[in-house]
Amino acid sequence: MSKTLNAYRIKKIESLGRMTAMTQEEMVAGARTVAAGLEALRAEHTQLLAGLAANTEHEHEKVSLVRKSIDAIELGLGETQVMIALASHLQSVEAEKQKLRTQVRRLCQENAWLRDELAAAQQRLQASEQRVSQLEEENKHLDFMASIRKYDSDINEESETSRSGQGDNKRDDPMVDLFPDDDHEDNRNNKSMSPTPPSQFAQQVNAGYEIPARLRTLHNLVIQYASQGRYEVAVPLCKQALEDLEKTSGHDHPDVATMLNILALVYRDQNKYKEAANLLNDALSIREKTLGENHPAVAATLNNLAVLYGKRGKYREAEPLCKRALCIREAVLGRDHPDVAKQLNNLALLCQNQNKYEEVEQYYQRALEIYESKLGPDDPNVAKTKNNLASCYLKQGKYKEAETLYKQVLTRAHEREFGTIDGDNKPIWQVAEEREENKHLQRENAPYGEYGGWHKAAKVDSPTVTTTLKNLGALYRRQGKYEAAETLEDCALRSRKEALDIVKQSRARSARPARPDADALDEGTNQASEPRMNLKSKLFNALGINTGSNAPHQ
């Protein structure tokens, strides 16, 4: 018996040594396993003790050892329960910490915005005080001049008459005598001056205008409130900021146009398209006046208007706006810039809704070339554009071309997750086609789970990979390949479940939910399952703020 107890203790020490290198979840699972083993061991010792109790005359020593073993088992069970309770407590503490961190971040942003607003108010107050001081000095001077005028009647009448004939008009304003009249000289010079051409004016301010820091902070606050559905806070906040900007800078100012864009996008998020369109048209007019007709910010507003019209089904009205935005971005950024590719995608979607498939293919092909050459073949925009192009092929009945693009997306995702493809490392579409070929064999097809967790590759570019799985599955089903279709659809369901789990985990860490891309048009079935996760990038696009190497320069 003592040998058995010693062996158990040695195993317990070894297991504790291994647990130090384990994660918290693994430790809890191990503790529960140990607890189950100790329960079984206690039951065995209890039975053994009952058997020894019948022979108390000769088994006193064994009974004592068994009871000691039971006490040790009870102690081990108690320790295990403490570990499990402690782990549960630590998990709740960590969740509370994440919640508090989120609140702290939001409060820090609010404080930063309030500090910026306070600094701006202080500057306005200082300017007002200076203006008041200046006006007081001018008032004192006018009072002094008025007091001097009292004694004019004591001046020699003859001298007064000669002076009055020369300058009756000037006498009406005492300031005329102090400051010479330069109007004639100015008029001569003005004849040789000409207005600055719009293109030249745009070039001058192209690099000069920068979004103020306080507007950047304000838009972060608006994002948080809008993403939480708290429009009753977000909209008044935008309107108050807009009113303050118009008071300090006037209506025709680039900052006012930026604020109009922000408010319009919040309205668009509420499906208030008419109000959003009015604001965007106003912002467009201001930016054209102040920044020039060929400024990237003008292209951003044009694109937002095109997106808005596209969502309302006004594709003909949206197309010329999108084309003008494309021309501006090509001229300012170059024909092979990623933002040009983004604009080409939007233009292709507008044309696709008008059945202009030849133009659609040209736009998608050019966008694809830009993304692959500038951002690389693994950039998510490559897969999205291929999906959109495949959708265009499907509508024209070009199933083979669409199938090729879908397979390219899935193959690339597989290679990123699992390495080079060979006989033992096959992409999901190849596995699906093999299952289709073998469906008539006597044995049933093995469940897809035995082929490994390829569906986890959807994490690489979710939800684009999931969308591709569904689209190719639908294409297989249209071709009568039901086994292959079911394989892909099953994989899509698994990947979607994992994506939802990831979203739930991210929401536990952050209070800000996901939002859709601001500058992307409604892509129909292509991206319909995409979670709403880019309201922040939407507002950055509208503001023209660069958020990174791949961020749009609007």
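Helices here are DSSP runs of H or I with at least four residues, numbered from the N terminus. The model is predicted: local features need pLDDT of at least 70, side-chain atom pairs count only at pLDDT 80 or more, and totals for chains, interfaces and linings use all residues. Residues are numbered from 1 along each chain as its sequence is written, and side-chain values use heavy atoms, without hydrogens and water.

Start at helix α2, residues 24-53, which holds A36. A36 counts as partly exposed because its relative accessibility is 48%; the partly exposed class lies between buried, under 20% relative accessible area, and exposed, over 50% (1.4 Å probe, protein chains only).

Move on to helix α14, residues 338-352. Its 15 residues reach 21 Å from first C-alpha to last, close to the expected 21 Å. That expected span is 1.5 Å times one less than the number of residues. In α14, 15 of the 15 residues are buried, so the rest of the structure largely encloses this helix.

Next come α17 (residues 399-418) and α18 (residues 428-437). They pack at about 115°, with axes 8 Å apart. Axes are lines fitted to C-alpha atoms, for helices over the stretch in contact, and angles run from 0 to 180 degrees between N-to-C directions. From α17, E403, K407, L410, T411 and H414 meet I428, W429 and E433 of α18. Contact means heavy atoms within 4.5 Å.

Terms used: Helices (H or I, at least four residues) and strands (E, at least two) are DSSP runs, numbered from the N terminus.
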